[in-house]
Amino acid sequence: MKTRKRILLALAFVLVAGLCTGAMAQVNRDPILPFVKVNAIEITDGTVGLDNEAKKETAFGYSFLGQTTGSFPGSFTLSMNCTPATPTPGDISELTGGAWTLPVYMMGMKGSNGYAGSLYGTIAKGSMNWDKTGASADVYIVLNVDGGTQSWNGVQGYATFVGTLSVDEKTQKTTLSGELVFTIEVYTIN
C-alpha cells in the first residue's frame with residue numbers, strides 16, 4: 001500500500017513539474033525591443049571635404065538635434081558623414097560614418113531630474129534615398145550601440161532607424177523623424 005502511495009505521489013510531482021515547466025515556458029518570451037520615436041531638426045549641414053578612403057566628396061558632420069519618446073525618452077543627437085556631399089533629386093546618399101548620443105530622462109526615477117543615463121555609439125551604415133524633387137528622403141541607418149552610462153553601463157548592440165528627412169514648408173527647416181528600434185545586451189566585467 002505504501003509503495004502504491006509513493007508511486008502515485010511521484011507521478012503527481014512529475015505532472016505538477018510538467019505543468020509548471022509548461023507554464024514557465026509560456027512566461028519566458030522573447031524580450032520586447034525598446035522602441036523610440038525621434039523628431040529632430042538639422043543644426044548644421046556639415047563641412048564638405050574629400051574622404052581620402054572613399055575618394056569622394058563628403059559632407060562631414062551633417063547633424064541633427066531632437067527629442068525622443070517611447071522606451072527611451074530624452075534628447076537625441078546625430079552627426080553623420082554622407083556622400084555625395086550635395087545630392088541631386090533621385091540620388092542615394094550613403095552614410096559613411098558618424099556618431100550619436102541619447103541622454104535618457106525617465107519620469108519617477110530617483111535622483112536628480114530623472115536622468116537615467118546615456119546611450120551612445122557610431123554609425124555602422126545607412127542611406128538616404130532622395131525623392132525626385134530633392135525635398136525629402138527615406139532614411140535608413142544602422143547605429144552601433146557602443147556603450148552607455150549609469151542605467152546602461154556595459155550595454156552593447158545596435159539600433160535601426162527608419163524615417164524621413166524633409167523640409168518643413170512653414171519654417172523652411174530640415175527635419176528628421178522616424179523610429180529607432182534597439183537590440184541591446186548588458187555585459188558585466190567580473
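This is a predicted model: local features need pLDDT of at least 70, side-chain atom pairs count only at pLDDT 80 or more; totals for chains, interfaces and linings use all residues.
Me: What kind of aromatic pair do Phe 72 and Trp 152 form?
Reply: Their ring centres are 5.3 Å apart, with 80° between the planes. Planes over 60 degrees apart count as edge-to-face. The pair is therefore edge-to-face.

Me: How many residues apart in sequence are the parts that the pair of Phe 72 and Trp 152 ties together?
Reply: Phe 72 lies in the loop between β3 (56-70) and β4 (74-83). Trp 152 belongs to the loop between β7 (136-148) and β8 (155-167), so the pair ties together parts whose separation in sequence is 80 residues.

Me: Is Phe 72 buried or exposed?
Reply: Its relative accessibility is 6%. Buried means under 20%, so Phe 72 counts as buried.

Me: Is Trp 152 buried or exposed?
Reply: The relative accessible area of Trp 152 is 10%. With the cut-off for buried at under 20%, Trp 152 is buried.

Me: Is Ile 43 buried or exposed?
Reply: Ile 43 sits in strand β1 (residues 35-44). Together with Ile 41 and Leu 65, Ile 43 forms a nonpolar patch on the surface, with about 260 Å² of accessible area together. Exposed means over 50% relative accessible area. At 52% relative accessibility, Ile 43 therefore counts as exposed.

Note on methods. Residues are numbered from 1 along each chain as its sequence is written. Side-chain values use heavy atoms; hydrogens and water are left out. Patches are made of residues with over 30% relative accessible area and no salt bridge: like charges are joined within 9 Å, nonpolar side chains (Val, Leu, Ile, Met, Phe, Trp, Tyr) within 5 Å. Accessible areas come from the Shrake-Rupley method with a 1.4 Å probe; for residues, only the protein chains shown count as cover. A salt bridge is a side-chain nitrogen of Lys or Arg within 4 Å of a carboxyl oxygen of Asp or Glu. Helices (H or I, at least four residues) and strands (E, at least two) are DSSP runs, numbered from the N terminus. Buried means under 20% relative accessible area, exposed over 50%, partly exposed in between (1.4 Å probe, protein chains only). Rings of Phe, Tyr and Trp (its six-membered ring) pair if their centres lie within 6.5 Å; planes under 30 degrees apart count as stacked, over 60 as edge-to-face and the rest as tilted.
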